[in-house]
Amino acid sequence: MKTIAVTGGKGGTGKSTVATALAVLLGKKHKVLLVDADVDCPNDHLLLGIERKPLKKVFQRVPKWDFAKCAKCGKCAEACKTHAIFALKGKQPVFLPQQCNGCGACTLACPQKAIGWTKKEIGTVFKGEGHGIDFLSGELKVNEPVSEFVVASLKEEAKKIEKGYDFVLFDTAAGTHCDVISALENADLALAVTEPTPLGEHDLELIAGLLKRLGIPFEIVLNRFEEGREALIESLAERHGKKIAAKIPYSKKIMEKYSEGIPVKHKSIEKIAGLVE
Ligand code: SF4
Ligand code: SF4
């Protein structure tokens, strides 16, 4: 089994388009599991028209008060950096669970040991299948601040079944934050998807730096390629001792397939699949 991460420093570069098209193409010859780890905004199931079924709810710890012990001192509210506790002197604290990241500072700050733990539901891990591949997807509930537990839970589910596959493809969130690092961990190869714009170049530099630091071999995929606009990305690739591995053209036909939820078929995707194999 090999783990491939489809990633990119910038949002909107077509990461999910590449991940879904690649998964479907590889799925014609191999056993493939596609994991949508962009839990703030999962969309691979929409692009593939796959109906997701809930597999597991994801929970996060949150504090629970024993008001019989509370001395109404307000120290728990002072300790909370996310403003999840509201306290007026001489009144019992009021807890706003959606602001809470479960850090535990309030429990440590309470002199009365009046704060214990309970949990709140913050998201769901889904499963599905279609186009000859199996699929896992995580989704964070609206207004919840901590997505990393959903990514961790998704990875846990993928780990349980990964041995049954030739390729596990992780479609990561955009950026270089904790969720992306978590999804990239242990990847055998990363595909950094970018676009031929100054912002695309800037964010590709960031993700290339991160991948180097993590020791993950990577290839650069240029999406929305137009003749004469690739110089920026080509020179960045050269700085990293690379060539652009595949160029996906800016094409109305590809856009139409994308909006219809049909996986993109193009020789550039075949080139990426060959490289992955
Ligand atoms: S666990 Fe952390 S974030 Fe949650 S209420 Fe306590 S101090 Fe605030
Ligand atoms: S720190 Fe403890 S005792 Fe003070 S208000 Fe909070 S829960 Fe009550």
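Let's start with one residue: Lys72 counts as partly exposed, because 14 C-beta neighbours lie inside 10 Å. The scale behind that word is simple: with C-beta atoms placed from the backbone, a residue is buried if 20 or more others lie within 10 Å of its own, exposed if 12 or fewer, and partly exposed in between. Lys72 sits in the loop between strand S3 (53-65) and helix H3 (75-79). Its phi is positive, about 55 degrees, although Lys72 is not a glycine. Helices here are DSSP runs of H or I with at least four residues, strands are runs of E with at least two, and both are numbered from the N terminus.

A word on the model before we go on. It is predicted, so local features need pLDDT of at least 70 and side-chain atom pairs count only at pLDDT 80 or more, while totals for chains, interfaces and linings use all residues. Residues are numbered from 1 along each chain as its sequence is written, with chains lettered from A and ligands numbered from 1 in the order in which they are written.

Now the overall picture. The protein has ten helices and eleven strands, and its C-alpha atoms fill a box of roughly 70 × 40 × 35 Å along the principal axes. Of the 277 residues, 43% are buried. The domain assignment gives domain 1 (2-57 + 146-276) and domain 2 (67-113); such bounds come from an automatic or database assignment. The C-alpha centres of the two domains lie 41 Å apart.

How far along the sequence do the contacts reach? Among those between residues at least 6 apart, 75% join residues at least 24 apart. A contact means C-beta atoms, placed from the backbone, within 7 Å.

On to the cores. A nonpolar core is a set of buried Ala, Val, Leu, Ile, Met, Phe, Trp, Tyr and Cys residues joined through C-beta atoms within 7 Å. The largest one has 66 residues, and Val6, Leu22, Val35, Leu169, Ala192 and Val221 touch the most other members. Helix H1 (residues 15-26) gives the largest share, eight residues. Apart from this core lies another, of ten residues, including Cys80, Cys106, Cys110 and Ile115.

Ala192 is worth a look on your screens. Leaving out residues up to four places away in sequence, its contacts include Thr7, Leu204, Phe218 and Val221. Strand S9 (residues 189-194) pairs with S10 in the parallel sense over five bridges, where pairing means that DSSP finds at least two bridges between the strands. Val193 has Val221 of S10 as its bridge partner. S10 (residues 218-225) is mostly covered, with six of its eight residues buried. Within S10 sits Arg224, buried because 21 other C-beta atoms lie within 10 Å. Arg224 also has a positive phi, near 55 degrees, without being a glycine.

Which strand is largely enclosed by the rest of the structure? That is S7 (residues 133-140), because eight of its eight residues are buried. In a regular strand, side chains alternate between the two faces of the sheet. In S7, Ile133, Phe135, Ser137 and Glu139 point one way, while Asp134, Leu136, Gly138 and Leu140 point the other, and all are buried. S7 has partners too: strand S2 (residues 32-36) runs parallel to S7, joined by four bridges, with Leu34 opposite Phe135. Strand S6 (residues 115-130) pairs with S7 in the antiparallel sense over eight bridges, and Gly123 stands opposite Leu140. S6 and S7 form a hairpin with two residues between them, and His131 in the turn has a positive phi of about 55 degrees.

Val151 is in helix H5 (residues 148-161).

Finally, the ligands. What comes closest to ligand 1? Of its 13 surrounding residues, the closest are Cys80, Cys100, Cys103, Ala105 and Cys106. Near, here, means a C-beta atom, placed from the backbone, within 6 Å of the molecule. That shell has nine nonpolar, four polar and no charged residues, with Ala, Val, Leu, Ile, Met, Phe, Trp, Tyr, Cys and Pro as nonpolar, Asp, Glu, Lys and Arg as charged, and the others, Gly among them, as polar. Around ligand 2 there are 15 residues, and Cys70, Cys73, Lys75, Cys76 and Cys110 come nearest. The shell of ligand 2 divides into eleven nonpolar, two polar and two charged residues. Thanks, everyone!

Key. Contact = placed C-beta atoms within 7 Å.
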